[in-house]
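User: I'd like to go through the helix packing and the sheet in this one. Can you take my questions one by one?

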Amino acid sequence: MGKISKDIIQKAFEGDNEIGLYCDPSIAGATPDEVALDCYKKINEIESAYNGTFKEYQKNGESLGFCYLIGNVLISFGINKEHRNKGSLCEFYNFIKSHGLSSAILWDRNTRAIKWLKKCGMEIEAKSDGVVKLKNEELCQ
């Protein structure tokens, strides 16, 4: 497991002033820094109970994002707003897949991420109590 980094999480959400619309409903409307801090705290809480994997996503030596998985289940991720284009997002998805991705669990209000994961070939497997579970089907398209 890589060391969980608040700075890496912060860089991933930096400048995304809409992130509060998609995050944990308990902090709806939060700023990118508030979302990053909440995400960092929650990943550390999860990590105390499970042996997860935190990985930094870099391109040309620059930190652009992260993913956190428990086993093969994607729990949290983010990529800097400036790099959310088709090519970079496909590379980012393949980076996540390279760490064993087979499913993802997200807040159902995170429609932006759900739409992206579906575009990359994942399918919704289940919905319940404000959470969506997706399963991996194909490579990024």
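This is a predicted model: local features need pLDDT of at least 70, side-chain atom pairs count only at pLDDT 80 or more; totals for chains, interfaces and linings use all residues.

User: Why is H1 called oblique to H2?

Analyst: Helix H1 (residues 6-13) and helix H2 (residues 32-49) pack at about 140°, with axes 9 Å apart. Over 145 would count as roughly antiparallel and 65 to 115 as roughly perpendicular, with the rest oblique, so H1 is oblique to H2. Their crossing is right-handed.

User: Which residues of H1 meet H2?

Analyst: Lys6, Ile9, Gln10 and Phe13 do, and their partners in H2 include Pro32, Val35, Leu37 and Tyr40.

User: What makes S1 and S5 the edge strands?

Analyst: The open sheet has six strands in the order S1-S2-S3-S4-S6-S5, with mixed pairing. Strand S1 (53-59) and strand S5 (123-128) each pair on one side only, and that makes them the edges. From one strand to the next, the twist averages 30°.

User: How do you know that S2 and S3 pair?

Analyst: Pairing takes at least two bridges, and six join strand S2 (residues 62-70) to strand S3 (residues 73-79), so the two count as paired. They run antiparallel, and leucine 69 stands opposite leucine 74 in S3.

User: What lies across S2 and S3?

Analyst: H2 does, running at about 35° to S2. Helix H4 (residues 111-119) also packs on the sheet, where it touches S3, S4, S5 and S6. The direction of H4 makes about 160° with that of S4.

Methods
Residues are numbered from 1 along each chain as its sequence is written. Side-chain values use heavy atoms; hydrogens and water are left out. Axes are lines fitted to C-alpha atoms, for helices over the stretch in contact, and angles run from 0 to 180 degrees between N-to-C directions. Helices (H or I, at least four residues) and strands (E, at least two) are DSSP runs, numbered from the N terminus. Angles under 35 degrees count as roughly parallel, over 145 as roughly antiparallel, 65 to 115 as roughly perpendicular and the rest as oblique. A crossing is left-handed if the near helix is turned anticlockwise from the far one by less than a right angle, and right-handed if clockwise. Contact means heavy atoms within 4.5 Å.
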